Amino acid sequence: MNSTILKMAVGVLKPLFLLVSLWLLLRGHNEPGGGFIGGLIAGSALILRPLAYDLERLSEKNKRQSRIVLRAGMILIFSSALLGLVSHNTLLKGLWLKVNLMGTQTLKVGTPLLFDMGIYLTVIGFIYFVFISMMEEWQWK
Amino acid sequence: MITALPILIPLMVVILLLMVGRKVYWLKLIGISGAFLLFLASLLIFYTVRQEGILVSQAGGWPAPYGITLVIDLLSALMLLISSFTAFLVGVYALKGIDEKRHRFRFFLFFHTLMMGVGGAFIAGDIFNMYVWFEVMVMSSFVLITLGSEKQQLEGGIKYVTMNLMGSFLFLAGIGLIYGKTGTLNLADLSMTVRESDQTFLMNSSFILFFMGFGIKAAIFPFFFWLPSSYHTPPVTITALFAALLTKVGVYGMIRFFTLYITDINPFWQNLLLVLAALTMVIGVLTAASQYDIRRILSFHIISQIGYMIMGLGFYSAFALAAALFFMMHNILAKTGAFLVGGLIQEKTGSFQLKSIGGLFKEHPWLGLFFFLPAMALAGVPPLSGFFGKFFLIKGGFEGQHFLTTAIAIWVSIVTMFSMIKIWNEAYWKPAPKDLHQPASHPLRLKRTMIVPVAVLGFSTLLFGLSAGWFMEVLQEAAQVLKQPELYIEAVLKPV
């Protein structure tokens with residue numbers, strides 16, 4: 001694809017997409033958002049630049065990277081499910097850690113966030129992997 | 001703790017398989033030990049359920065009607081046990097029965113996602129959760145059916161996935177309706193709601209959609225055609241795995257839903273079940289009789305035997321339910337065994353076509369024995385398991401005074417015998433055809449890891465038949481639990 005508009009826009013869109021995806025990931029516990037949507041947006045941010053510029057330079061190395069991200073995500077999901085099982089004998093039990101910020105505010109970090117992050121990474125890895133595989137098919141033709 | 005194992009073990013194995021890359025040795029080692037671990041876990045679950053009754057676990061600690069519940073009663077435990085046992089044996093066969101290329105493309109990964117879907121469907125206590133596990137199962141079986149990307153496989157795979165997605169859509173539509181009407185999707189909570197109010201209004205419209213969804217998965221009469229057009233395309237190991245698991249999950253869903261929601265079965269549902277069961281049996285067995293490819297004969301027989309299970313559900317007495325469960329377990333063992341022997345025959349002669357093989361009995365008498373056991377079990381020869389399965393079903397039918405359906409079942413059984421004897425005559429007794437040369441490339445000696453699972457399956461049908469009394473007692477216990485949904489409801493909804 002050779003689109004000047006896309007090439008110009010990539011530089012702005014990519015960081016914007018990534019920021020929005022992180023924002024969605026973090027607000028997802030109680031409000032619309034979460035790991036899946038965040039992951040989709042982050043994944044599309046990652047494929048923007050190859051789509052606009054250098055399809056040819058996608059290689060086996062990128063594929064390996066995407067697999068690593070995917071695995072890391074699955075391990076996070078699995079461990080968040082397992083933590084509750086080990087400590088409270090209940091699968092996927094939410095465990096919360098309260099962190100004191102400067103004395104006044106408390107930040108609650110818990111296994112649901114871990115789970116969401118796992119989904120986030122899995123979706124990113126998956127999208128990237130599928131994208132590269134499909135682009136390989138295109139290059140053969 | 002142990003309630004979640006049927007999901008967690010395959011998930012763990014899948015992650016491990018992703019870690020090792022494409023090293024075939026490690027893929028095989030992890031895959032097969034994972035399958036064995038799953039079998040051990042199922043044994044443990046079965047033992048615990050026998051000791052303590054229904055196991056319930058609330059995911060995330062949220063109490064029952066709100067959270068996702070995992071429930072294992074005796075039926076689920078038995079299904080987990082038999083499916084993981086058969087899957088382990090198929091896994092052993094697959095070590096050599098699946099070629100290196102397919103192993104490199106992670107056969108065992110999809111094998112375990114399939115097991116995760118199957119296990120999840122057996123233990124889900126929530127309709128939507130069950131739907132999700134069905135999807136996991138359909139997706140991984142779609143990958144398995146097209147693994148290797150041969151033209152024929154892709155064609156079969158498309159047919160397979162289209163029909164199964166249709167089934168899922170109908171199922172999902174039913175879920176939407178029932179959620180709109182009752183506001184709950186928890187199996188036990190829903191059962192309580194339905195029993196407390198006007199049953200026909202709340203349940204029937206959704207239930208017919210559920211029935212069609214499960215019917216497509218189980219391949220009963222009007223919806224069966226995806227099965228024979230896709231099951232003969234992948235390698236026979238994969239077909240054996242599908243024959244053992246996929247359709248039976250559909251039957252399981254039907255048994256679960258009928259016993260929970262149609263508690264006083266009315267003539268409409270009973271007649272529907274019995275008529276469809278009879279048609280499924282007859283059409284399956286007649287089309288099988290006209291085939292000459294071993295895999296196709298066996299595929300059509302899957303359909304005909306699903307008919308028997310539905311018939312047992314249609315009789316709806318506790319005894320007939322237990323008989324249907326007995327028949328299902330027997331069928332899983334015998335059908336998988338027969339498919340795997342078909343694989344051995346193909347390995348030996350290079351063909352599944354009965355016309356182009358022959359004389360196997362003279363060359364390999366033991367191969368004959370391993371085929372004889374599951375085939376005659378399917379046909380229903382005593383003392384093998386199929387005889388007792390059919391005997392119990394027919395007894396249940398006579399007790400419920402359903403003479404016509406029972407008579408059809410007996411007749412179908414005779415035609416099944418004909419088909420099995422046809423394979424036996426053509427493949428084993430007929431002299432090998434002169435004009436067809438056996439391909440020299442095929443190994444003369446079969447691998448031991450391929451023979452042992454076949455032998456174990458063959459002898460387990462024998463053992464299953466010989467210990468039919470004990471199994472029938474356990475199954476009647478399971479059927480008693482099924483006939484009293486209040487036990488299930490109480491176990492799920494009791495405060496934590």
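**View 1. Strand β1(B) in the predicted model is largely enclosed by the rest of the structure, because four of its five residues are buried.** The model shown here is predicted. β1(B) pairs with strand β2 (residues 68-72) of chain B. Five bridges join the two strands, which run antiparallel. Within this pairing, B:S57 stands opposite B:L70 of β2(B).

**View 2. Chain B meets chain A through 12 residues from each chain.** On the side of chain B that touches chain A, two elements give two or more residues: α1 (5-19) and β1 (55-59) of chain B. The largest share comes from α1(B), with five residues. By class, this side of chain B holds eight nonpolar and four polar residues. It has no charged residues.

**View 3. The largest nonpolar core has 216 residues.** The members that touch the most other members are B:L313, B:A324, B:L325, B:F326, B:L393 and B:A478. Helix α14 (residues 318-349) of chain B gives the most to this core: 19 residues.

**View 4. B:L325 is in contact with B:L75, B:L475, B:A478 and B:A479, leaving aside its neighbours within four places in sequence.** B:L325 and B:A478 are both among the core residues that touch the most other members.

**View 5. Helix α3 (residues 74-97) of chain B has 24 residues.** From first C-alpha to last, α3(B) reaches 33 Å. That is close to the 34 Å expected at 1.5 Å a residue. The helix is mostly covered, with 22 of its 24 residues buried.

Technical notes. Residues are numbered from 1 along each chain as its sequence is written. Chains are lettered from A and ligands numbered from 1 in the order in which they are written. This is a predicted model: local features need pLDDT of at least 70, side-chain atom pairs count only at pLDDT 80 or more; totals for chains, interfaces and linings use all residues. Two residues are in contact if their C-beta atoms, placed from the backbone, lie within 7 Å. Ala, Val, Leu, Ile, Met, Phe, Trp, Tyr, Cys and Pro count as nonpolar, Asp, Glu, Lys and Arg as charged, and the others, Gly among them, as polar. A nonpolar core is a set of buried Ala, Val, Leu, Ile, Met, Phe, Trp, Tyr and Cys residues joined through C-beta atoms within 7 Å. A residue is buried if 20 or more other C-beta atoms lie within 10 Å of its own, exposed if 12 or fewer, and partly exposed in between; C-beta atoms are placed from the backbone. The expected span of a helix is 1.5 Å times one less than its number of residues. Two strands pair if DSSP finds at least two bridges between them.
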